[in-house]
Every structure is written in structure tokens, then in C-alpha cells.
Amino acid sequence: MPIVGFNLNKVLAEKTNPVKKGIKAAHNISVTSINEEKLKVSKNSEKTGLKFEFEFSVDYQPKIGNIIILGHILYLEDEKIIKEILDYWNKNKKISPELTATILNTAIVKCTIKAMSMSQEINLPPHLPLPLINPSTSKTKDYIG
């Protein structure tokens, strides 16, 4: 896998108003920049990679609070492919759908876990539904499945 590093640069959790019924959480994630990065792969060897900077946010509406996570992912690939990705980004501010999925899925998994923890710390509800056990209202006989 070409992803060789993941780091957070900024985490912010803010509760601006009391929690009330009817909260909605709007999520967003985007790549904000891509830069060439020299990556040390061994004691005496460096390779050129890419540093994908991203922003992950959860906005609790209406104006209840927000969570913002900034970070970067280090990506290592063949230098020719690195150059193509960087040239395409500089020209169009886009990356291929396959690479977008790889980069953003990595960030989403890590940031979602961090955002869940942060929301709990400031008493905001989870931004994603959690599995819950509900008591059965009717009595079931024997389980035969």
C-alpha cells in the first residue's frame, strides 16, 4: 500500500450552544493541498513522495458546535506516477477517483474515531448513529435460527 504515514496537525472541538432536540450533523472532508515531500525510506536512502493535506469537519446544526481536524497523509509511489499526480493536481485541483478513495477513506476512518472521542469530551452527541440494543416488546419463544 502506498500510504506510509498519517498525522494530525490540528484538532478542534467546540460546543457553542446547549444541545437540544433535532440536532443534525453535517460531515465534510476534502484534500486541501498536495505537495512533494522527501521521505526517508532507509538510513541512506530518500524517495520522493506526496503529502496530501486534508480537512475533516463535523458541523452540528443548528449552530450547536463543530469539530475540525486538519492533517496530512504521506503517499509513496513510483516517481513518474508522483509527477503525474502532482501535475494533474496543479492544473485541475483534482485527483483521480481511485486515489481520492484511497486517501480520503484512510482519513475518514481515523478522523471519525477521533471525532467520536472529541464529541464525547465536550458533551456533544455522536455524529454517527451507534448500535443500540432495544428491549423486545413481544416475548419470543425459543430461538431456532
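In this predicted model, Ile34 is in contact with Leu50, Lys51, Phe52, Leu86, Trp89 and Ile95, its neighbours within four places in sequence being left aside. Ile34 also belongs to the largest nonpolar core, a set of 28 residues. Val31, Ile34, Leu50, Phe52, Tyr75, Ile95 and Ile103 are the members with the most contacts inside this core. Two or more residues are contributed to the core by each of β2, β3, β4, α1 and α2, and α2 supplies the largest share, 7 residues.

Helix α2 spans residues 97–121. From the first C-alpha to the last, its 25 residues reach 35 Å, close to the 36 Å expected at 1.5 Å a residue. Buried positions of α2 include Leu99, Ile103, Leu104, Ala107, Cys111, Ala115 and Met118, together with Thr106, Thr112 and Ser119. Just after the helix, Asn123 takes a positive phi of about 60°.

| Element | Residues |
|---|---|
| β1 | 3–15 |
| β2 | 24–42 |
| β3 | 45–61 |
| β4 | 65–76 |
| α1 | 79–92 |

Strand β3 contains Lys51, one of the residues in contact with Ile34. Lys51 is buried but has no salt bridge. Its nearest side chain of opposite charge is that of Glu53, 4.2 Å away; a salt bridge would require a side-chain nitrogen of Lys within 4 Å of a carboxyl oxygen. Apart from neighbours within four places in sequence, the contacts of Lys51 are Ser33, Ile34, Asn35, Glu37, His72, Ile73 and Leu74.

Terms used: Residues numbered from 1 in each chain as written. Predicted model: local features only at pLDDT ≥ 70, side-chain atom pairs only at ≥ 80, totals over all residues. Heavy atoms only, no water. Helix = DSSP H or I, 4+ residues; strand = E, 2+ residues; numbered from the N terminus. Expected span 1.5 Å × (residues − 1). Buried < 20%, exposed > 50% of the residue type's maximum accessible area, 1.4 Å probe, protein only. Contact = heavy atoms within 4.5 Å. Lys, Arg positive; Asp, Glu negative; His and termini not counted. Core = buried A, V, L, I, M, F, W, Y, C linked by side-chain atoms within 4.5 Å.
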